[in-house]
Amino acid sequence: MKHFFLYLITFLSIQWLFSSCHALVEDEFPDFAKVPVINGILQADSTFNIHVSFSANLSESAPAPVENAQVIVLGDNSSPDTLRYTQKGWYSSTRTVKAGETYECIATIPGYLPLSARTTVPEPTEIDSTIFTDLVGRSEDGRKVSSVEFRLKNKPDKALFWDFSFKAKGITNSYNYDTEEWSEEFRVWSGYYTMKAEQDSVFLYEPNPLRVFSNRKMTGNHHWVKFYFDEINIDFRPGKDTLFIELRSIDQSLYDYQKQLYVYGSGGGSALGSAYQNYPLYSNIKNGLGVFSSFTVSRKDIELKE
């Protein structure tokens, strides 16, 4: 059944969006029974936000939000919290998500079996060192290629999962066409990078995307991660902007979802008889579809020293 349904995951306040692709096809397709969908990615130190909807048929452009659900979040060390409906399928609470806590989400929709899922919010992972190398080579177009290495603290006796990104921050000047004035504002933006799995046994056995990885092949209490970028991969002004690494400690359900989403998105091709295998999207929701997961963020500035 999962082959027929498309569901959307949206994150509030973290500018982190995961969504399944869908297309409106001008043809006649049978309508399948709607399946309730829960999507909630809990971020440590942020408030609860859960989205409830129904799966969409092939003839629909977007999933229909559920406005009459009862959504309750239970923590192992806290009393039950009934979330308040806000808009467009979103249910929210003023309570704060705590790292290390296990939460269960239970959503009740009239006419359907109760939906439920659990997640344990990971503890943050420390990055204790970084190494920046300004010039490690040249690209095919002659652009300068730099590298960054960062060392994270590992716990060999515990299954850990991460997702990391490469970013810059700084004060930029912006022009307001209404007031015809320039002003300064603080801005954070993302860059692009590449990794060489053959240089690291941890990533050699890690399926794509490599920015999402685990400690399954790590043996020590620390591990170095290395990536590369060239001059046009990130808009960076030396001496004015700061490069940094954002490391998200994620639970296994979010790890599995992102790995399977990559496979799902890679399965394409339109030639009859030669199309790739289609894969269902990952879901950990009992009696429904979607993902209920969590993460914690750590950040480390990159020291620009040779």
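**From a loop to the core**

Mentor: Pro209 lies in the loop between α1 (201-204) and β15 (212-214), where helices (H or I, at least four residues) and strands (E, at least two) are DSSP runs numbered from the N terminus. The peptide bond that leads from Asn208 into Pro209 is cis, with omega near -5°.

Before we go further, keep in mind that this is a predicted model, in which local features need pLDDT of at least 70 and side-chain atom pairs count only at pLDDT 80 or more, while totals for chains, interfaces and linings use all residues. Residues are numbered from 1 along each chain as its sequence is written, and side-chain values use heavy atoms, with hydrogens and water left out.

Buried here stands for under 20% relative accessible area, exposed for over 50%, and partly exposed for the range in between, with a 1.4 Å probe and protein chains only.

The rings deserve a look of their own. Rings of Phe, Tyr and Trp (its six-membered ring) pair if their centres lie within 6.5 Å, and planes under 30 degrees apart count as stacked, over 60 as edge-to-face and the rest as tilted. By this rule there are 17 aromatic pairs. One of them joins Tyr175 and Trp182, a tilted pair with 5.2 Å from centre to centre and 55° between the planes; Tyr175 is partly exposed at 31% relative accessible area, whereas Trp182 is exposed at 61%. Ring pairs also link Phe132, Phe150, Trp162, Phe164, Phe166, Tyr193, Phe203, Phe213, Phe227 and Phe229 into a cluster.

Two rings carry a charge over them, in the sense that NZ of Lys or CZ of Arg is within 6 Å of the ring centre and within 35 degrees of the ring normal. The charged end of Arg187 sits over the ring of Trp189, at 4.1 Å from its centre, and Lys217 lies over the face of Tyr205, at 4.9 Å from the ring centre.

Now to the strands, which pair if DSSP finds at least two bridges between them. An open sheet of 3 strands runs in the order β11-β12-β16, with antiparallel pairing. β11 and β16 stand at its edges with a single partner strand each, so one side of each has no neighbour in the sheet. Between β11 and β12 there are 8 bridges in the antiparallel sense, and Phe132 stands opposite Val148 in β12.

β17 is partnered by β13 in the antiparallel sense over 9 bridges, with Ser165 bridged to Glu246 in β17. A further 7 bridges join β17 to strand β18 (residues 289-301), again running antiparallel, and there Arg248 stands opposite Val297. Because 8 of the 9 residues of β17 are buried, this strand is largely enclosed by the rest of the structure.

Glu180, in the loop between β13 (161-176) and β14 (181-190), has a positive phi of about 55° although it is not a glycine, and Glu180 is exposed, with a relative accessible area of 60%.
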